[in-house]
Amino acid sequence: MTTKLMAQGQSPLLGKAGTRSRKQKAFLYGFLFTLPATLGFLLFTAGPMAASLFLSLTDYSIFKDGIRFVGLDNFIRLFTEDELFWKSLKVTFYFVVLKVPATIIVSFAIALLLNMNLKGRALFRTIVYLPSIVPAVATSMIWIWLLNPDLGLVNTVLRWLHLPTGMWLYAENSVIPSIVLTTMWGIGGTVVIFLAGLSGIPNQYYEAIEVDGGGWRHKLFHITIPMVSPTIFFNTIMTIIGSFQVFNEAYILTQGGPNNSSLFYIFYLWRTAFRDTEMGYASALAWVMFVIIMLFTLLIFRTSKSWVYYEGEGRS
Amino acid sequence: MKLLWKIKPGLSAILFLMLLLSACSGGGSGGNANNANNEADDAAGGAGGKEPITLRLTMWGNQNEVKAFENAIKRFEASHSNVTVKLESIPTDYDTKLTTMIAGNEEPDVAMMESATLAFPLAEEGKFINLEDYLNSDPSFSADKLVPHISYYAEPGNLIGLSPGPETFALYYNVDMFTDAGIEPPPASAEEAWTWDEFVEVAKRLTIDENGKNASEPGFDPKRIRQFGISGANGWWGSWSNFVYGNGGDFVSEDGTTFALNQPEAVEALQKLADLVNVHHVAPSPVQAKNVPGTNIALQTKKVAMVIDGQWANMDLGVTDVNYDIAVLPVIKEPVTTVVGGMFSIFKSTKHPQESWELVKALLDPEGTLELNHKGVWMPAIRSWYEDPALIDKWTKDSPGRTAGYKTAVIDMLLEHSRQTPTGYVKNFNKIMDIVTPALDKVWLGEQSAQEAMDAIADKAQAQVQGRRDIE
């Protein structure tokens, strides 16, 4: 479309009188300005990706001399022999299933609260966002302290209130929910995006509901949620991608334990690549995860037509 | 078509840039960018005596350690005027970054290595110099000058690394808590060490619930404990290996062919440790990844009366406001302490093996890193520093990290009752432990007995057993 406009000399940038040399100049500038990003993408994303796709078909190990092409052996081993691959996949899916709805619902709820006309709203917004700029290592260390089953603050308070205590990060059945809980601490970024979506809703819709005699429930379900559905859509996709790539928590909090019940996929991949130095196999692991994430993203894109509402297009 | 034509100059620009970049990286192939520089330097300085050279040294460690290394390097450079040492301190993700360097053929000349991670995989690919040749031919140095268990062999006769110092395990305790409870503190010498039962008995008396009842009294509430008798015994293999060895057990059989942690000696020791948590209720639940709270905080806040930890804990304890002392570990059958520690290795790709060896020797010299030895985090690598009273004084006197029990509980234990770290002789250690550690989680949590857990994984672990490094 742009090229057609340009060819007809109607590019809004150039005006109707744009000559060929001006067009060329504009193209050159455009090209130059995007060059850093393009180069960055090619060198640091596309290049390494292509390299890892190639390596996933080899037995490349950093310390060994020479690379042998092994075809699909890595993928076959992964699907048929590697118990830890399935275990880590299961653990990661469990994490995603808990983490994504929790993040979307909690951060949307917080955003709704922060969008109200409260006194000190700016302060509350700062407080909610603040944890997400604290380094993950620092917050994780604090969570280790808080969730220590015997000496930690959380259990001490629960014991004091005569409530049942938990093993938190130290039991197989509670480690993933506990990790999800610790990540709730850093949802400030998602909240901010929701806030941006919420502030874009024109007030007259709410006024119309009030005139019609509707309450907050009507406002929420008939105005707010449909109007921010593009934001929900965006946040859901970003959270899914981020959750599949969960790493820090296993690396810092649990080292994958207890009994491999927090052996997240990317943590396992990292261990394979950098401790066991099996780069070829790790590349195969990486590509499987890439495909999984792509499938999920695609799935959500496909379903989005039925629940994401874009103003001006209507629901189809 | 026109568009394509327009892109052409751009395309060629990209191609040119890529060419440029690949040329750059191509030039660096073979760790030799800096070696090439060295050669240039060599040529330039060749006129007068020795040629100036540069050695790259990578290490991990905290600020104190970096500072001590810098001092040691300064001493080294003063006596080797032609050598400049470039210290690259990598405090976090050391293995990841070193791996990346190796992948780019940019390995250092000398590197601190960890026996549990990269050292042996690299050694097996022949990346390190055999230090035995240097050790044997150096008139100023010999193997018998070193303390036990700081030499790492990939196989008999192939010495791949020397540790700048051993680290042993010991029992730390809060002196005031023992005094207040009217309990005799743990003995500091191996001869008088507590038996396991004596130890459990004391641990019980020092474990106290919210109502002030201790674990040996009727009515004690194990769900509401405010003070624990002991911590640090389980979780990490470093800690529990002491007791497996002390009960006559091992990770693999003597001939290196069989997985041995499911054998009675090892199982009994592991079960005793798990019982501290689940039967006697004298130890907190296992904490996997991080030692939180740290030994110094646990003792200072009187949350725990005794902690099993490595010798290095003395540094933090020394600067913490707590009246602590150090004792020998309780004994199941034999007094044993496992010796762990990083090592220095020389990459085969170095252009200057002799100077690298000189550097390793300098780093092993306790004089150079005296501050670390004195503060408590390190111990000297040289035997005379444990035997000559004047030298012992040099690194133990007037140090808050060297308490009354230190001489017998640490020094004598190291000299007389120490065992090599399993990482140093068990081949494929990581892969075996990838199977053992998760299974033991169930034991520490009291969900399975040690026998059940180890039997359940014995076949899988056996499949990863590849022999021992200390036998032919």
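The C-alpha centres of domain 1 and domain 2 of chain B lie 33 Å apart. That distance comes from a predicted model. The model scores ipTM 0.81 and pTM 0.85.

**Domains and make-up of chain B**

- Domain 1 of chain B is assigned to residues 53-166 + 341-364.
- Domain 2 of chain B is assigned to residues 169-339 + 426-464.
- Each of these domains is therefore written as two stretches of sequence, according to the domain assignment.
- Chain B holds 20 helices and 13 strands.
- The chain has 472 residues, and buried residues make up 50% of them.
- Take the contacts in chain B with a separation of 6 or more: 73% of them join residues 24 or more positions apart.

**Confidence in chain B**

- The average pLDDT of chain B is 88.
- A score of at least 70 is reached by 88% of the residues in chain B.
- Residues 1-48 of chain B have a pLDDT below 50.
- Beyond near neighbours in sequence, that stretch of chain B still has 29 contacts in the model.

**Helix α8 of chain B**

- Helix α8 of chain B covers residues 196-205.
- Its buried residues are Phe199(B), Val200(B), Val202(B), Ala203(B) and Lys204(B).
- Among the elements of chain B that cover these buried residues are two strands, β8 (225-231) and β9 (304-310).

**Where chain A meets chain B**

- The contact takes 28 residues from chain A and 32 residues from chain B.
- On the side of chain A that touches chain B, the elements giving two or more residues are α2 (20-55), α6 (136-146), α13 (248-254) and α14 (265-275) of chain A.
- Helix α2(A) gives the largest share of that side, four residues.
- By class, the side of chain A that touches chain B has 15 nonpolar, nine polar and four charged residues.

- Ser283(A) sits in helix α15 of chain A, which spans residues 279-307.
- Is Ser283(A) buried or exposed?
- Ser283(A) is buried, because 25 other C-beta atoms lie within 10 Å and the cut-off for buried is 20 or more.
- Leaving aside residues up to four places away in sequence, Ser283(A) touches Ser52(A), Leu55(A) and Ser56(A).
- Val128(A) is 155 residues from Ser283(A) along the chain, and their C-alpha atoms are separated by 37 Å.

Definitions and conventions
Residues numbered from 1 in each chain as written. Chains lettered and ligands numbered in written order. Predicted model: local features only at pLDDT ≥ 70, side-chain atom pairs only at ≥ 80, totals over all residues. Contact = placed C-beta atoms within 7 Å. Nonpolar A, V, L, I, M, F, W, Y, C, P; charged D, E, K, R; others polar. Buried ≥ 20, exposed ≤ 12 C-beta atoms within 10 Å, placed from the backbone. pLDDT = per-residue confidence, 0-100.
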